[in-house]
Every structure is written in structure tokens, then in C-alpha cells.
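The following questions and answers go through one structure, residue by residue and then across the chains.

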Protein chains: 2
Amino acid sequence: MTAPLTVRALRPLPEVAPGDDLAALVLAAHDGAPFRADDAVVVSHKVVSKAEGALVDLATVEVSARAAELAAELEKEPELVQLILDGTREIVRARRGVLICRTHHGFVCANAGVDRSNVEDGWAVTLPADPDASARRLRAALPGRPAVVIADSFGRAWRHGQAEVAIGCAGLRAVADERGATDRHGRELKATVIATADHVASAADLMRGKASGQPAVVVGGLGDHVTAEDGPGASTLVRPADEDLFGA
Amino acid sequence: MTAPLTVRALRPLPEVAPGDDLAALVLAAHDGAPFRADDAVVVSHKVVSKAEGALVDLATVEVSARAAELAAELEKEPELVQLILDGTREIVRARRGVLICRTHHGFVCANAGVDRSNVEDGWAVTLPADPDASARRLRAALPGRPAVVIADSFGRAWRHGQAEVAIGCAGLRAVADERGATDRHGRELKATVIATADHVASAADLMRGKASGQPAVVVGGLGDHVTAEDGPGASTLVRPADEDLFGA
């Protein structure tokens, strides 16, 4: 047997504020020890957003007529709806108090990822503007240059429970394309494109509860899944709407 | 830090045939050693289907008029389409050579899970009839009574790459419901229902390629995710169509 994959939650981080050095906080939670090149440091997007200042005081949001109308229809706060619309390229569904949005990044998720849990009352946190760039920066700042995955929890079609997905990554083959490989009968494997970065995010989530203040998890022993180059990141996991059989 | 989660692929299994004792094969690949109670043995559904005889010689399939018509439209083999329809409660989409089906179990996946890779030419493998029951049987037969997850790879809406999902499980909290828990600001965590069994399946998939003949993976150190009771299984992950905002 080859060496196992390991998944370890780092100690809770202190509350993260805009301008904080997230790499320094993650490193301290790792006792200052360098990471290994085949580790992936998986961080909840929320601490990335907070460190980058992607936090909004809802009292400062100017509400458009469209947001006000939608807010009334969905029985949501108008300021929150405005913030959701600001992050939205296209509304996929609007029902039962929930907006399913395609964000400017191309992610399809509830409320465009705008979230009020784990933030101060009256504030909301938005998704990082460019999560792959955030992952590259964090990677460059971490000793040992581990892969980095920025994770979020997205609802999904047809299944209960949120899936953990990579919204940003660096140094990891986000998608493993095994098309062209053959099975033991010599038959070509079809449709075998594996969402590796999402698998890493999911593995990490097994080791922390959302309420635990443990936003950073180290997945070790990733072998060939990691790459020396930062690579194209998690944006490669976004399926263009016109290729989408499942979501259409 | 608590003990890490570990993920280990077992040695390749021999080719599995109908009537084979899958538990004995998995145990042999684990060197006969008992499992731990907080292990989950994750097996690809395909070996479960094969052991249970869920294999069909396409030459024996009688093709209905509807299957013939759909096959012509999608440019697929009529016998294969018939087999897909046999496993389907509802066709969700039919396009570009692909049928997205809701199976009798309630899973939404391509071709109702009917698959020709890793099987003999001219044959196809179907999903186990009751994957939670299969998981319970396998669990009962494995020394140490680990949790068991039966995994498959499903395409999904909006994202490239297949997600690994649990189609059956026993001894694992398939869904972790953290609603009612509070964050560090005392704010209730909303919509925090975590698809734990799918996370376990995803973690396992990081340690094996589809072509490697390593269908069994042990995820160790699952702590509170495992349960002494078999529990309701992965059927709890199926979201009824009328509650489904994402898939509608």
C-alpha cells in the first residue's frame, strides 16, 4: 500500500479582520512548521473574504428598485438582496426565500455566496473577487509552498446536504481528465473527468464543523494531484452554461 | 490536534463475478486484518453490482418501441437505452447522446447509472437494486464492523468533473444536520446540512484512479461520523423533486 492521504484540522484561527495576514495566521496554527509540497491547505472562503475586506456593513448598501421588489417578493432584507444582485451575473431561480445565482465568477450557488453566518450582526461577507488569485497569493506566502484550496459549501440539485466545492485553488490539478485511459478490459473510460479539487475540499470538511472556528485543514499526501505550477485554478471547474446538460 | 483522518486504497481486487463473496475479497485485500469501528470501507458500486449479478448481456435485452425511438434520436445502442429505461423512473433530460435519468432509487444521473466500462464487451452493469441494503450486508460481513459506503461518480449541474457520491451506506451519518448550531457570534447557522457520506466517497476517490482496479478504499478516523446502528443510509441524501430548488 502507498502512503495514506491524511486530513488534519489546524487549530482554530483567531477572528480574522480586513488586512490580516492570513498566511501568518495559518502558519501559526501549524505551529510555524513548513508545509510539505504534497500538502494542500484547505481554507474556508470566509476567512479569505474577511482578510481581503470582502465584508459589507448592510446599513451602507443603497437599494435599487429591482432589489426592493425582489426583497418584498422573497421576504428578504432589501440590503442583502442588493448585495446578492451585485455579485450576480444571472438569477437561475428565485423561490421560497432563496435566490440561486450565477455569480460573476460563474459559480451557481444560493444568494451568490453572500453570507451572514460567522460575521458581526448587520454585516455580510461576500465571495472573494478572484478566489484563484487569492489561492495563489496564499500559496506563495506559505513556507513549503503547499497547494491551496479555497472552499465553500454549495447546495446542489437533486441531493440533500451541501457539497463542499473548491472556488479557488493553486498548485493542484483541479480537474483530473482520465478520458483516453482504458479499463482492465481495454475499453476506453468515458466521461471520466474527476473534480479533484472539490474532492479535496470535501475531504477537508470531514474534519471540521462549521461552528468550530477551524477554517484551515491540511490534506497531506496528495502525490500526483499537486503540481509545481499554480495552474489554471478552480475556474476550470466552472461549466459554461451552453455545455451544461445537468443544470439546463 | 486530534488524530488525522486517513485514506488508504486497498490492493486491487480480482475481477468480481456474480455470486462472489465481496466481503471476503475486501478482507483479503486488507490482509485479513479486522477493520476499526471508525473506519469506513468505501467500495465502488461496480464491484457490488457485479457480485450481486447486476450484469446484463445486451444481446438478451428485448427492445421496446420507445427505446428504439429514443436510441435512434440519441444515436445510442437500442439495447443499452432499453436497459437505461428499465432503471428509470423519469427522464430528466435527453440530449447530445446522454440521458439524464431519475432512477427508481431517486438518484439523478447519466444513463440511470448503466455503465459499460470495466465490464466484458457486450455486457453492461446496472446499479445495485437497493444499495443501502447492500451496504448493510457488507458491513455485517466485515470483521470489526466498519461503516460501509457504496460510491458512484455522478455528473452534476454547473460544474465540470464528476462528483463522487454515496449511493448506499451503513453505519455512517449520511447527512450531518448542523441547523440550530450557532456560530461564534451566537448567530444560528442556516442551511448547514452537510452531505457527509458524499464527502467520504469523495475523499476515497482521491486515492484511486478509475482504471486502477482499486475499488476499495478505507477512510479511517471518522470519529463521530460513524454510528453503531446501520442508520437510514444514503437514501436520506435523495432530495424529493418537490423540495428541490436547484434541480427544478
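Q: In which helix of chain A is the place of V26(A)?
A: The model is a predicted one. In it, V26(A) falls within residues 22-29 of chain A. That run is helix α1.

Q: Is V26(A) buried or exposed?
A: Beyond four places in sequence, V26(A) touches residues including L10(A), L13(A), F35(A) and L142(A). Its relative accessibility is 0%. Buried means under 20%, so V26(A) counts as buried.

Q: What separates the C-alpha atoms of V26(A) and V43(A)?
A: V43(A) is among the residues that V26(A) touches. The two are 17 residues apart along the chain. Their C-alpha atoms are separated by 8.9 Å.

Q: How many residues does the largest nonpolar core have?
A: Residues of both chains have the most contacts inside this core: L172(A), V200(A), L222(A), L172(B), V200(B) and L222(B). L222(B) touches L172(B) and V200(B), and also L206(A) of the other chain. A second, separate core of 30 residues includes F107(B), V165(B), I167(B) and A216(B). The largest core has 52 residues.

Q: How are the two copies related?
A: Chain B is superposed on chain A by a rotation of 180 degrees, with 0.0 Å of shift along the axis and an RMSD of 0.0 Å. The copies are therefore related as by a two-fold rotation axis. Of the contact residues of chain B, 100% recur in chain A, and the same surface serves both copies. The relation is that of a two-fold rotation axis.

Q: What area do chain B and chain A bury between them?
A: The contact takes 83 residues from chain B and 83 residues from chain A. Carbon and sulfur atoms carry 56% of the buried area. The area comes to about 7,600 Å².

Q: Which residue of chain A forms a salt bridge with R159(B)?
A: Between chain B and chain A the count is four salt bridges, and 22 residue pairs are in polar contact across the interface. In the bridge of R159(B), the closest N and O atoms are 2.8 Å apart. The partner is D198(A).

Q: Which element gives the most to the side of chain B that touches chain A?
A: Several elements of chain B each supply at least two residues to this side, including β4 (88-95), β9 (163-170) and α6 (196-205). One of them gives seven residues, the most. That element is α6(B).

Q: Is H199(A) buried or exposed?
A: H199(A) lies in helix α6 of chain A. Its contacts beyond four places in sequence include Q162(B), E164(B), S202(B) and D205(B). At 2% relative accessibility, H199(A) counts as buried.

Terms used: Residues are numbered from 1 along each chain as its sequence is written. Chains are lettered from A and ligands numbered from 1 in the order in which they are written. This is a predicted model: local features need pLDDT of at least 70, side-chain atom pairs count only at pLDDT 80 or more; totals for chains, interfaces and linings use all residues. Side-chain values use heavy atoms; hydrogens and water are left out. Copies are superposed by least squares on the C-alpha atoms of residues with pLDDT of at least 70 in both. Contact means heavy atoms within 4.5 Å. Helices (H or I, at least four residues) and strands (E, at least two) are DSSP runs, numbered from the N terminus. Buried means under 20% relative accessible area, exposed over 50%, partly exposed in between (1.4 Å probe, protein chains only). A nonpolar core is a set of buried Ala, Val, Leu, Ile, Met, Phe, Trp, Tyr and Cys residues joined through side-chain atoms within 4.5 Å. Buried area is the accessible area (1.4 Å probe) that two parts lose on being put together, summed over both. A salt bridge is a side-chain nitrogen of Lys or Arg within 4 Å of a carboxyl oxygen of Asp or Glu. A polar contact is a pair of N or O atoms within 3.5 Å; within protein, one must be able to donate a hydrogen and the other to accept it, and residues adjacent in sequence count only if both atoms are side-chain atoms.
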